[in-house]
Amino acid sequence: MSKTFYIETFGCQMNAHDSEKVIGTLEHEGYARVQDEADAGLILYNTCSIRDKAEQKVFHRLNEYKKMKGEGKKFAVIGCVAQQEGEKIFERAPYVSIVSGSASYRNLPQMLARLERGEERITGLDDRQTDETFETEFVARTNPHRGYITIIEGCDKFCAYCVVPYTRGKERSRAAASVLEEARRIADQGFTEIQLLGQNVNSYLDPSGKMSFAELLAAVGSIPGIRRVRFTTSHPRDFTKDIVDAIDAVPTLCDHVHLPVQSGSTAVLKAMNREYTRDWYLERIAWIKAARRNISITSDIIVGFPGETDQDLEDTATLLEAVGYDAIFAFKYSPRPNTPAVAMADSISDDIKSARLQILLDRQREIQRVNYNRHLDEIMELMVESHNKSRNQVVGRSSQNKTVNFTTNQLILPALGSYQQVRITQTFPNSLLGAAVEVN
Ligand code: 5AD
Ligand code: SF4
């Protein structure tokens, strides 16, 4: 087998960052990454199983791989579908050599060595009870300005609909000193933005007992050279007021909190095993709104959970209005293998789920139209993310995580990753338009 690899990644930010670490590990083991699967000796497929029959899509894709088997290529299925389906993958796709969940990635060098010795059916599936995290200094960072750092892996919350506790294993946090060391290292390399990652990032519990999550946020935000710190995803259960106090106290912490509510109905929240009520959630929102800074709030929503009534849906719609979210990610409920909710009848038809989803999206659009309009004439600092040459515009992102397209009368467009002051001239429900405040 030639020591070249190709990797394809699906799923959340955690998965994307896992791939950055997997790539770094493979490169350290002497493998060279190629951009075309035809050139690769090893093909890795980093999978997601959160919704929508994801495992079927994986098997479909593996069928396409089958044709390449004769070319002497090896295949690895990693990530959430690998963990969920386990050895069944070898049965359905016997040409696969490695099946590994994310909790076993720290053993990748050994798995690769076994692969090179010609072993078949190598698994990394038994590590979900581990206390170890996957730490490596060999991270192939794909974004040159924003560095991702995992601070907590796994999940112990067991929401009734969710595969994550089964695919990513139990919650385990990295020592604060190790997180800060990585943050300093990437600041030295020129990154100005850091995003702290975790399935429940604010459930972070420093194993050395030195820092709370809010203290870690403040410490990362105080590293010289760091201008923006983001963190995702927060769980309402562990959302404490000191997080808001930290955002108020440390200007580099971005004024944005992603706090998924899932439903605005206390009855549905109970069935989902979210362990909070609508009022309890709204109390956390009140803390965020009482901050001195104007903190943007976003959420995830599931519609059509078993037993959801029209009134439950209306409760969700009124919650959207009460919070005034700047964005929501809304999904139709999808039954997932091994989760408690599969035992409940999936009582709501797909048509009704779609109709309910549309009701929420329509109501949310109106909320965002009003919210975004408040930015008219505001001057905000943006990080430049890309250039839209055809429109002669620059695309930037605000601290609140809003996208702004702007024009500049400078001959040379501002560099990617640079920061720019922009005045907002027009607003839309999902983006803003502006003009650079020119400095002479
Ligand atoms: N069906 C639909 N949406 C789901 N999510 C998680 N599990 C499911 C499921 N079984 C959504 C939640 C979560 C987001 C990442 O995906 O809203 O916050
Ligand atoms: Fe998908 Fe969840 Fe796994 Fe992320 S943790 S890859 S969203 S199943």
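Colleague: Hi! Which domains does the domain assignment give for the protein chain?

Modeller: Hello! This is a predicted model, and the assignment gives domain 1 (4-124), domain 2 (146-373) and domain 3 (379-436).

Colleague: What separation do you get between the centres of domain 1 and domain 2?

Modeller: Taken over C-alpha atoms, those centres are 29 Å apart.

Colleague: And how many residues of each are in contact?

Modeller: On the domain 1 side there are 14 residues, and they are in contact with 14 residues of domain 2. Looking at domain 1, α1 and α3 (80-85) are the elements that give two or more residues to the side touching domain 2.

Colleague: Which of them has the largest share?

Modeller: That would be α1, with four residues. By class, this side of domain 1 has four nonpolar, seven polar and three charged residues.

Colleague: Nice. Switching to the ligands, what surrounds ligand 2?

Modeller: Its shell has 13 residues, and the closest are G11, C12, C48, I50 and C80.

Colleague: Which domains does the ligand 2 shell draw on?

Modeller: Domain 1 (4-124) and domain 2 (146-373) each supply at least three residues.

Colleague: What's the make-up by class there?

Modeller: Around ligand 2 you'd find seven nonpolar, five polar and one charged residues.

Colleague: OK, and which residues are around ligand 1?

Modeller: Here's the set: I50, R51, Y161, C162, P260, Q262, D300, I302, F331, Y333, S334 and R336.

Colleague: How does the ligand 1 shell divide by class?

Modeller: Seven of its residues are nonpolar, two are polar and three are charged.

Colleague: Changing topic again: what does UniProt list for residues 141-371?

Modeller: An unreviewed UniProt entry lists that span as "domain: Radical SAM core". In the model, residues 141-371 are 39% helix and 16% strand, with 34 Å between the end C-alpha atoms.

Colleague: Where does the entry place TRAM?

Modeller: The entry, unreviewed, puts "domain: TRAM" at residues 373-438.

Colleague: What are the helix and strand figures for residues 373-438?

Modeller: That span is 2% helix and 53% strand, and its end C-alpha atoms lie 23 Å apart.

Colleague: Great, that's a handy tour. Thanks!

How values were computed. Residues are numbered from 1 along each chain as its sequence is written. Chains are lettered from A and ligands numbered from 1 in the order in which they are written. This is a predicted model: local features need pLDDT of at least 70, side-chain atom pairs count only at pLDDT 80 or more; totals for chains, interfaces and linings use all residues. UniProt positions are given in the numbering used here, feature names are shortened, and annotations may be inferred rather than shown by experiment. A residue is near a molecule or strand if its C-beta atom, placed from the backbone, lies within 6 Å of it. Ala, Val, Leu, Ile, Met, Phe, Trp, Tyr, Cys and Pro count as nonpolar, Asp, Glu, Lys and Arg as charged, and the others, Gly among them, as polar. Domain bounds come from an automatic or database domain assignment. Two residues are in contact if their C-beta atoms, placed from the backbone, lie within 7 Å.
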